[in-house]
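Me: I would like to go through this model by question and answer. Please keep it brisk.

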Amino acid sequence: MSVRSGLARDGDIRPAVREWILGQPGWRQAVLREEFGLCNGEARADVAVVAPQLEGFEIKGPLDRMARLPRQVAFYDRIFARSWLVTTEAAWPAASALISPWWGVLLAQSARRQSGLVPVRTAQPSPAVEPLALARLLWRQEVLAELDAAGWTGSVGRLPRHRLWQILADALPAEQLAARVQQVLAAREQSASAVTA
């Protein structure tokens, strides 16, 4: 695939990613977020599926630099239930060595062929998800609400955010925390969409 195919950068591929996600069974009502901040802005996911579960999509075209990819992979692995690399045939050789073995891979087709993405490998669950990284996706008031719902009885209202995140990460089993974070984020995104509609 050549750069002349029209799939040179993230912005050339991103519409196909949205279309592919919304075309998947069970994801027709998916809640999507672009430029999704991870760990308080330390990294960003190009596209995130917030519901039905947290999944991240990193887009790398042939003109994109791969130097940042290992660091991005480390953040994705700590947060997303499943992660995907979306790339082109030209960028795939360089990118393939830099992602975790459980990542899924989608290849963007040339503009000369039918538009869309071709699955090369299906994403598997990340074994590296960290509860604290998940908790850090929540805003202060959301963390306080979750601690209240979990029956936390300690006085936490004046604690700094980093302590609140740690308390929440320690208070809930990992699977329950992941489910609660996903639900809170989905509700937040749906509220934001309703306000801007």
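Me: Which residues does Trp165 touch, not counting residues up to four places away in sequence?
Reply: This is a predicted model, where local features need pLDDT of at least 70, side-chain atom pairs count only at pLDDT 80 or more, and totals for chains, interfaces and linings use all residues. Residues are numbered from 1 along each chain as its sequence is written, and side-chain values use heavy atoms, with hydrogens and water left out. Contact means heavy atoms within 4.5 Å. By that rule Trp165 touches Asn40, Leu132, Ala135, Arg136, Leu138 and Val143.

Me: Is Trp165 buried or exposed?
Reply: Trp165 sits in helix α6; helices (H or I, at least four residues) and strands (E, at least two) are DSSP runs, numbered from the N terminus. Buried means under 20% relative accessible area, exposed over 50%, partly exposed in between (1.4 Å probe, protein chains only). At a relative accessible area of 7%, Trp165 is buried.

Me: How far apart in space are Trp165 and Val143, C-alpha to C-alpha?
Reply: Val143 is among the residues that Trp165 touches. The two are 22 residues apart in sequence. Their C-alpha separation is 7.0 Å.

Me: Which residues touch the most other members of the largest nonpolar core?
Reply: A nonpolar core is a set of buried Ala, Val, Leu, Ile, Met, Phe, Trp, Tyr and Cys residues joined through side-chain atoms within 4.5 Å. The largest has 43 residues. The residues touching the most other members are Phe36 and Phe80.

Me: Why is strand β2 largely enclosed by the rest of the structure?
Reply: Strand β2 spans residues 43-51. Among the contacts of Phe36 are Ala43, Ala45, Ala48 and Val50.

Me: Which residue of β2 stands opposite Leu32?
Reply: Two strands pair if DSSP finds at least two bridges between them. β1 (residues 31-38) and β2 pair in the antiparallel sense over 7 bridges. On the other pairing, 3 bridges join β2 to β3, also antiparallel, with Phe57 as partner of Val47. Opposite Leu32 stands Val49.

Me: In the hairpin of β1 and β2, which residue takes a positive phi?
Reply: This hairpin has 4 residues between the strands. The β2 and β3 hairpin has 3. The phi in question is near 50°, and the residue is Cys39.
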